[in-house]
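Biologist: I have this one open and want to go through the side-chain contacts. Can you walk me through them?

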Amino acid sequence: MNNPNLRAVLTGTGAYLPAKRLTNDDLSRMVDTSDEWIYPRTGIRSRRIAAEGENVSDMAAAAGRQALENAGARPEEIDLLVLATITPDTPLPASSCLVQTRLGLSNATCFDIAAACSGFIYALDVARQYILSGAARKVLVVGAEKMSAITDWTDRTTCILFGDGAGAVVVERSEGGTQNGILSSATGTDGTLAPLLHIEAGGSAMPTTAETLAARKGFVRMDGHTIFKYAVRNMAGIADKAVTDAGLRHEDIDWLVPHQANMRIIQAVAKTMDLGMEKVVTNIENTGNTTAASIPLALHEAVSDGRIKDGDNVLFASFGAGLTWGATVVRWGR
Ligand code: UT7
């Protein structure tokens with residue numbers, strides 16, 4: 001920890017989106033809604049939906065494989081895999097164990113993290129802590145979700161929001177004196193607000209029964225209006241803290257890569273951080289809210305098309321069920 005040259009550096013990104021696209025017009029044939037209602041309120045026009053039999057471990061493996069290739073890392077070099085998801089293939093074992101097998105990560109310790117939309121930020125923070133403590137050298141961090149499996153397709157207040165997908169990054173230990181890598185990481189939780197965004201049944205407190213199925217208790221329920229307010233306040237607050245902890249000012253941030261929950265939330269956070277929308281990476285229009293996958297998906301797009309360049313200061317910020325929130329500042333480059 002005391003070596004000033006020690007850094008956790010992001011060396012490769014990857015992403016996966018299922019082929020099937022569900023548009024707002026498609027949704028308007030399923031529930032009482034319209035593109036005219038959805039797009040201005042959320043910024044979403046379409047989202048991807050996993051195929052029958054396509055699971056979180058499949059999507060996570062696809063994104064992870066691409067991140068390994070882009071990092072130039074061999075599977076056996078990975079000593080830790082952290083998978084952020086609230087939609088694992090099965091309750092047991094952790095889906096990260098299935099991803100390990102698919103990718104041949106024979107030397108990796110693997111576990112899942114359930115922190116909803118903040119899952120990727122939490123997982124990245126765990127990777128950073130493992131690397132700075134000397135416990136790991138190369139870490140694969142994946143955010144992957146099959147939100148379509150826990151969405152109530154008869155509830156117009158939630159089913160318009162979510163989508164499926166996966167994103168991944170490789171994080172490596174560097175002692176070579178690079179100025180790049182993770183500059184700061186900040187996280188927060190407030191469990192007193194858990195009922196604002198939750199799934200009532202399907203866990204050990206209320207196992208699935210014919211009654212819970214009939215009452216549709218196994219799906220996401222949300223007080224969207226209240227969540228909206230907390231999202232803006234807490235994302236902006238934690239983003240500001242991460243920037244300060246990194247020794248930077250708002251104007252030093254080249255790119256904000258926010259969790260893609262709602263375009264209006266993203267715009268409000270950007271405004272608070274004094275960032276014009278030209279500095280904000282958004283893909284919500286075509287992905288919807290992919291929970292733990294949203295930040296690494298957007299990040300991969302902006303790195304792949306050359307928007308994010310070496311030396312750029314990149315800010316990630318998230319907010320989600322728990323309630324949970326977090327932010328990371330990364331100086332891009334190896
Ligand atoms: O990932 C992190 C967690 N999630 C979030 O951050 C989401 C945060 N919240 C939101 O993005 C917004 O609250 C929503 C987009 C979910 C909802 O927008 P809103 O402006 O807060 O709408 P509302 O819930 O206050 O509903 C307004 C009206 C209601 O009708 P009445 O009661 O005013 O007659 C709803 O019944 O809109 C109605 N409504 C709809 N109408 C057409 C709700 N959903 C729909 C819909 N289509 N899909």
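**Side-chain contacts**

Modeller: Asp305 forms a salt bridge with Arg307, and their closest N and O atoms are 2.8 Å apart. Keep in mind that this is a predicted model.

Biologist: How many salt bridges does the structure hold?

Modeller: There are 20 salt bridges in the structure.

Biologist: What does Lys138 pair with?

Modeller: Lys138 meets Glu172 in a salt bridge, at 3.6 Å from N to O. This pair links distant parts of the chain, with Lys138 in strand S6 (residues 138–146) and Glu172 in strand S7 (residues 164–174), 34 residues apart.

Biologist: And are those two buried or exposed?

Modeller: Lys138 counts as buried because its relative accessibility is 17%, and the cut-off for buried is under 20%. Glu172 is buried as well, with a relative accessible area of 11%.

Biologist: Which residues are in a network with Lys138 and Glu172?

Modeller: Arg74, Glu76, Glu77 and Arg334 are linked with Lys138 and Glu172 in a network of salt bridges.

Biologist: OK, next one. What is the partner of Asp152?

Modeller: Asp152 forms a salt bridge with Arg216, with the closest N and O atoms 3.0 Å apart. Asp152 is in the loop between S6 and S7, and Arg216 is in the loop between helix H6 (210–214) and strand S10 (221–222), so the pair ties together parts that are 64 residues apart in sequence.

Biologist: How do Asp152 and Arg216 count by accessibility?

Modeller: Asp152 counts as buried, at 3% relative accessibility. Arg216 counts as partly exposed, at 33%.

Biologist: Switching to rings. How many aromatic pairs are there?

Modeller: The count comes to three aromatic pairs. One of them is Phe111 with Tyr130, 6.4 Å centre to centre and with 45° between the planes, which makes the pair tilted.

Biologist: Where do Phe111 and Tyr130 lie?

Modeller: Phe111 lies in strand S5 (residues 109–113) and Tyr130 in helix H5 (residues 119–133), so the pair ties together parts 19 residues apart in sequence. Phe111 is partly exposed, with a relative accessible area of 24%, and Tyr130 is partly exposed, with 29%.

Biologist: Last one. Which residue lies over the face of Tyr39?

Modeller: Arg45 lies over the face of Tyr39, at 3.6 Å from the ring centre.

Methods. Residues are numbered from 1 along each chain as its sequence is written. This is a predicted model: local features need pLDDT of at least 70, side-chain atom pairs count only at pLDDT 80 or more; totals for chains, interfaces and linings use all residues. Side-chain values use heavy atoms; hydrogens and water are left out. A salt bridge is a side-chain nitrogen of Lys or Arg within 4 Å of a carboxyl oxygen of Asp or Glu. Helices (H or I, at least four residues) and strands (E, at least two) are DSSP runs, numbered from the N terminus. Buried means under 20% relative accessible area, exposed over 50%, partly exposed in between (1.4 Å probe, protein chains only). Rings of Phe, Tyr and Trp (its six-membered ring) pair if their centres lie within 6.5 Å; planes under 30 degrees apart count as stacked, over 60 as edge-to-face and the rest as tilted. A charge sits over a ring if NZ of Lys or CZ of Arg is within 6 Å of the ring centre and within 35 degrees of the ring normal.
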